[in-house]
Protein chains: 2
Amino acid sequence: MNKLLIRGATILTMEGPDAIIDTGEILIEDGWITHVGLPGSASGSFDMDEVIEADGQVAMPGFINCHTHAAMTLLRGYADDLPLMKWLSEKIWPFEGRMTGEDIYWGTMLACLEMIKSGTTCFGDMYDHMHDVARAVENTGMRAMLSRGMIGVLPTGEKALADAEELAKNWNGKADGRITVMLGPHAPYTCPPEYLDKVMNLAAKFKLGINIHVAETLAEVEEIKKQYGKTPVQHLDSLGLFKFPVLAAHCVHLDEQDMEILAQKAMGIAYNPQSNMKLASGIAPVARLLELGATVGIGTDGTASNNNLDMLEELRTGSYLQKVSTMNPEVIPAYRALQMATIDGALCMGLGDRVGLIKEGMRADIILIDTTEPHMCPRHNLVANIAYAANASDVRTVIIDGKVVMLDRVVLTIDEERVMYEVRERAERLAGK
Amino acid sequence: MNKLLIRGATILTMEGPDAIIDTGEILIEDGWITHVGLPGSASGSFDMDEVIEADGQVAMPGFINCHTHAAMTLLRGYADDLPLMKWLSEKIWPFEGRMTGEDIYWGTMLACLEMIKSGTTCFGDMYDHMHDVARAVENTGMRAMLSRGMIGVLPTGEKALADAEELAKNWNGKADGRITVMLGPHAPYTCPPEYLDKVMNLAAKFKLGINIHVAETLAEVEEIKKQYGKTPVQHLDSLGLFKFPVLAAHCVHLDEQDMEILAQKAMGIAYNPQSNMKLASGIAPVARLLELGATVGIGTDGTASNNNLDMLEELRTGSYLQKVSTMNPEVIPAYRALQMATIDGALCMGLGDRVGLIKEGMRADIILIDTTEPHMCPRHNLVANIAYAANASDVRTVIIDGKVVMLDRVVLTIDEERVMYEVRERAERLAGK
């Protein structure tokens, strides 16, 4: 049995606003959190395989990025500040059309590297060549929910379904259980009802959840209304999609009935504030969704529309954006924002019984955040300092599934130089330079 | 004569989107930028007092934070997620009422430390005990525009005017010219017309600009309209305030006429996106102001409403917020956001002939940003990488007025531990713990 002890840290368990241990210790055995308590309370602390001294640091659950397209790191900065359709048709799609599985492997490796260095331990992905994405997840030690993006209106629609089935068979529960699989029909406007039927059959057959973009833009809502006489959410509901565990990404343009459906029937909603702002898609009514009892996690979306995978930046902007859009400074307070970026993100992907809390019985996805930098001083409120003042480089150490993947900012599972070299070369080729 | 050479960096001069030197060198003599050019082009490079090798880094003008209350670092995290009046009257004002000059000195020291570590070289401040703020600016090597906050409706209104006059006499142009002074009447709703008359007399006598909060909240606009029958901007215009160089902070709630007045008559506008979002004040119509030709800089506001002084975070959120609020992804593109955070900020404070560009004849306020971290890879677009993906810790080296104040993340002018110790102790005392 492998035993790892973290001691000296302030523990933000995320089990509740008061569930903070000022100085404590966390025992991890074979990847399971087996004890969380005061100093010296872990039994057998003499026979540890590894001890991390974490004085002056905060231990909290790793961030969970509910919605991204990891390999799009290859496109970071390739096209910005453009209208959506021009951005997609002239820049993003042609570039993506040139990407190979190997490109996607290296793009995902870079994303995993960036995520680890900014404290993200688990991400939800939707893309192509998912076998290569899975390889990157396996190699880097990350945790991920993977879904093959499926576009029913394309000639490749059937192949995408077959790929998704392959992905589920080959990778669901693999990499020591760090990989789970969902089905990824892209969106209601790219997947007609008969295609979604096939998706639902597959979901039933393999007991899989469904990861789908919903109501991201006004144009989508108008198109779906025109075609089906219903909003995207009500259209999907009438097709029976919500009988399955659904993670709905974006959900920017909703009416009250949409929100009630999502609150009652969706497994989770992925809120992507920076992407929605940068693409000028709109502001998701997250404060209202939370009021109705919805489970909302936070996603960065891909780095073509963000342009980084920094969850601290994302949860902060997400909170501030809700305050200003509702004209109410009390919505999504600091602790709530951290919950959305941890346990609620886990719940959104069906992983709430496994990660998102520092609690006995959970797998150990834990980050250590340095609190000694000037921007975290003074310490009137630790939670506010993390949610509203910390930055990505304050994350010093990252543990995923009980394994130390970054120790004092040195990533142990990835050859950083090699990954960046590969991505630079491939990005140049793909851009046609 | 002191000669400093920076070589090997990519130089983002901010003189225009194409004014980027791929690998170049910058010669600084006695604090003046005397040469910007290709490698080996600086004459006499053999007799340098100091050479900074900056391969793999980007040299750009330091960030200019147009609006803050630096000493409010003491209040970071002290009160968050509250309605404005409760926040002010129950938390902020009582805390501030207990602050001494020495507290303000140390709070400002911490702010300067944080600003230097995040690449800010110049800030615009409005607060009390400005002599102590000036001491901190002098000691840390920062550049600052300082203004004594003046509230005409308080019994201390007259003293504030006297303090402001003292500040101008003692500190304008001091600290080797790094300190300039403006007058700081707090806002139209706290400074009645007869008080603003006194301010304008002082401004005329000492040839000073005026730094004032304008139209930050809807409540203010309604109150001013009720009292004077005009919007805050039109009220100030009718009083003749814009005959002086005015830096107007916030400007959230404006009508078209207000915007025209500001575009034509104000020296500058300080846009504080994160503070306006967090306090739920509203979204300043910056895209429209820019269209009308206004000069708009970026401010963080104080850390009680932010909660950090990170200008990269601020300029990014500022750009994204304008895109989503105008439903136009093309407004404030990456380069424009960087301009607002550098040269336009300088112009807002009457310093546009001195700093904000890397250009011969300017004072050397320069930062070096590391571009080798995963979140800056690949490099399709350097400007987008900085504006949309970089974080504060990527700033490695900071030069202010030709002096190296941070070298490879070691701040040379400040005893970090001492400053944080003082602030922690004082913050606890002030919070009544």
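**View 1. Chain A splits into domain 1 (3-62 + 354-411) and domain 2 (64-348).** The bounds come from an automatic or database domain assignment. This is a predicted model, where local features need pLDDT of at least 70 and side-chain atom pairs count only at pLDDT 80 or more, while totals for chains, interfaces and linings use all residues. Residues are numbered from 1 along each chain as its sequence is written, and side-chain values use heavy atoms, with hydrogens and water left out. Taken over C-alpha atoms, the centres of domain 1 and domain 2 of chain A sit 28 Å apart.

View 2. Contacts (heavy atoms within 4.5 Å) link 33 residues of domain 1 with 32 residues of domain 2.

**View 3. A:Arg143 and A:Asp401 pair up in a salt bridge.** Their closest N and O atoms are 2.8 Å apart. A salt bridge here is a side-chain nitrogen of Lys or Arg within 4 Å of a carboxyl oxygen of Asp or Glu. Between domain 1 and domain 2 of chain A, the count is two salt bridges.

Key:
Chains are lettered from A and ligands numbered from 1 in the order in which they are written.
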